[in-house]
Amino acid sequence: MRILIVDDEENLVEQIRLALTQQKYTVDTAFDGEEALEKIYVEPYDLILLDIMLPKRDGFGVLFELRDEKNSTPVLMLTAKGAIEDKIKGLDMGADDYLAKPFSMEELLARMRALLRRSNELVSPVLEVNTITLDPAKREVHKDGQLIELTLKEFSILEFLMYNINRAISRVSIAEHVWGDEFDPWTMSNSIDVHIKNLRKKIDDSKGQIIRTVRGVGYIIKDDDK
């Protein structure tokens, strides 16, 4: 799942980013409201962590534009401690939850899990192809009923391919989706191939019958039943 952190406190953003990547989330960051909107219009997110006090455009402005454009991505507002008016205003404008600073990472992760569970119950809780099942909410992958341990990048690649079943996905698209802000077109291609090789090994797909190579393009997962 892909999360966008929008806050101008660089140290806090880095702390949250590290905590989320350890939980196998794909994370993008933005340090002002305009940058946040630019990223939101380019890349779909599963959840947005949105601070209120931002340069260029504040969190309320970002939230208003999202909801005005019928973007229903869950938004967790980050507010100053004791700012009751901000909390009420954010919820009235369409925020899904709020968290007052300072907060513990454990509480942030718990609030996020609750929002993602609620969102996934409304969309598609489990992805399936052949004998592989991927649960985005639980961050788990099973093959033939057995739990498969994947790294963050391996999970994100498999999730992206399974969301795009029967569609050939380019290496550039995979890199932009999985690596986010760390995307480097000069070095990503080989790295993606290495991750695909390791992923195939873990899901017992050494012959590439599940994750198929599309020459000159990238990769595809095909489901002949769809």
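Close-up 1. Leaving aside neighbours within four places in sequence, Lys143 is in contact with Thr131, Ile132, Ile148, Ile203, Asp204 and Ile210, contact meaning heavy atoms within 4.5 Å. Residues are numbered from 1 along each chain as its sequence is written, and side-chain values use heavy atoms, with hydrogens and water left out. This is a predicted model, in which local features need pLDDT of at least 70 and side-chain atom pairs count only at pLDDT 80 or more, while totals for chains, interfaces and linings use all residues.

**Close-up 2. The pair Lys143 and Asp144.** The closest N and O atoms of Lys143 and Asp144 are 3.5 Å apart, and the two residues form a salt bridge, defined as a side-chain nitrogen of Lys or Arg within 4 Å of a carboxyl oxygen of Asp or Glu. Their side chains also make a polar contact (3.5 Å). A polar contact is a pair of N or O atoms within 3.5 Å; within protein, one must be able to donate a hydrogen and the other to accept it, and residues adjacent in sequence count only if both atoms are side-chain atoms.

**Close-up 3. The salt bridge of Asp7 and Lys101.** Side chains of opposite charge can pair when their charged atoms come close. The side chains of Asp7 and Lys101 meet in a salt bridge, 2.8 Å from N to O. This pair links distant parts of the chain, 94 residues apart: Asp7 lies in the loop between strand S1 (2-6) and H1, and Lys101 in strand S5 (residues 97-101). Asp7 counts as buried because its relative accessibility is 0%; Lys101, at 15%, also counts as buried. Salt bridges that share partners join Asp7, Glu9, Asp51 and Lys101 into one network.

**Close-up 4. The salt bridge of Arg139 and Glu159.** Arg139 and Glu159 form a salt bridge, with 3.9 Å between the closest N and O atoms. Arg139 sits in the loop between strand S7 (132-135) and strand S8 (140-143), and Glu159 in helix H6 (residues 152-163), so placed that the pair links distant parts of the chain, 20 residues apart. Both Arg139 and Glu159 are buried. By the salt-bridge rule the count comes to 15.

Close-up 5. The domain assignment gives domain 1 (2-120) and domain 2 (127-221), with bounds from an automatic or database assignment. Their centres, taken over C-alpha atoms, are separated by 27 Å. In this interface, 12 residues of domain 1 are in contact with 15 residues of domain 2. The buried area is about 1,100 Å², of which carbon and sulfur atoms give 39%; this is the accessible area (1.4 Å probe) that two parts lose on being put together, summed over both. Across the interface the rules find zero salt bridges and one residue pair in polar contact (both at pLDDT 80 or more).

Key
Helix = DSSP H or I, 4+ residues; strand = E, 2+ residues; numbered from the N terminus. Buried < 20%, exposed > 50% of the residue type's maximum accessible area, 1.4 Å probe, protein only.
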